[in-house]
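Here's a quick briefing to read alongside the sequence and the coordinates. Have a look at the fold before going through the notes.

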Amino acid sequence: MKSLFFALFATVTYGQTSSQTLSKAIAAGDVLTISSYLDETVEVCLLNIDDFLAKEKAIEAIKSFYAKHSPKSFNIIHQGESKGKGSQYFIGNLKTDSDSFRVFIATENADGKELIQQIRFEIE
């Protein structure tokens, strides 16, 4: 029974694309999952921050954002990939307890893993 549960869990977890996993993390304010996709340096645009940040500073900025804006829902409205570069992006709408934000995430494939290069939360 345990092996069946593990097989189902592994299929569900590993069968998801990075955009699906990140979408769920953004909707839940799951900074731990979001941070697992951050590259060592990330372009961050959150409220009063618009800079390239080290991963640790980017995590702090995202935590601070979610501390002030409790998420209610998130949905992807567009996604795509850059031809020949191995990079992907998605754009979505995040509703929080106080505001709505347009979210843009750009990732690049590095050694078989999608890593966030740019993360933007812009108030609508």
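How many salt bridges does the structure hold? This is a predicted model, and the count comes to 3 salt bridges. The notes start with those, then move on to a residue in strand β6 and another in helix α2.

**Salt bridges around R120**
- R120 pairs up with E43 in a salt bridge, and their closest N and O atoms sit 3.9 Å apart.
- As for E122 itself, its relative accessible area is 38%, so it counts as partly exposed.

**The E124–R102 salt bridge**
- E124 and R102 meet through their side chains in a salt bridge, at 3.2 Å from N to O.
- This one links distant parts of the chain: R102 belongs to strand β5 (residues 100-110), while E124 is in the segment after β6, 22 residues apart.
- Buried or exposed, where does E124 fall? E124 has 51% relative accessibility, so it counts as exposed; the cut-off for that label is over 50%.
- R102, at 34% relative accessibility, is partly exposed.

**Q118 in strand β6**
- Q118 sits in strand β6, which runs over residues 113-123.
- Its relative accessibility is 14%, so Q118 is classed as buried, the limit being under 20%.
- The Q118 side chain makes a polar contact of 3.0 Å with the side chain of E43. E43 is also the residue that forms a salt bridge with R120.
- Setting aside residues up to four places away in sequence, Q118 touches V42, E43, F104, I105 and A106.

**S23 in helix α2**
- S23 is part of helix α2 (residues 18-28).
- What is the relative accessible area of S23? The value is 13%, so S23 is buried.
- If you skip the neighbours within four places in sequence, S23 is in contact with F74, I76 and F90.
- S23 and I91 are 68 residues apart in sequence, and in space their C-alpha atoms are 9.8 Å apart.

Key: Residues numbered from 1 in each chain as written. Predicted model: local features only at pLDDT ≥ 70, side-chain atom pairs only at ≥ 80, totals over all residues. Heavy atoms only, no water. Helix = DSSP H or I, 4+ residues; strand = E, 2+ residues; numbered from the N terminus. Buried < 20%, exposed > 50% of the residue type's maximum accessible area, 1.4 Å probe, protein only. Polar contact = N/O pair within 3.5 Å; in protein donor to acceptor, adjacent residues only side chain to side chain. Contact = heavy atoms within 4.5 Å. Salt bridge = Lys/Arg side-chain N within 4 Å of Asp/Glu carboxyl O.
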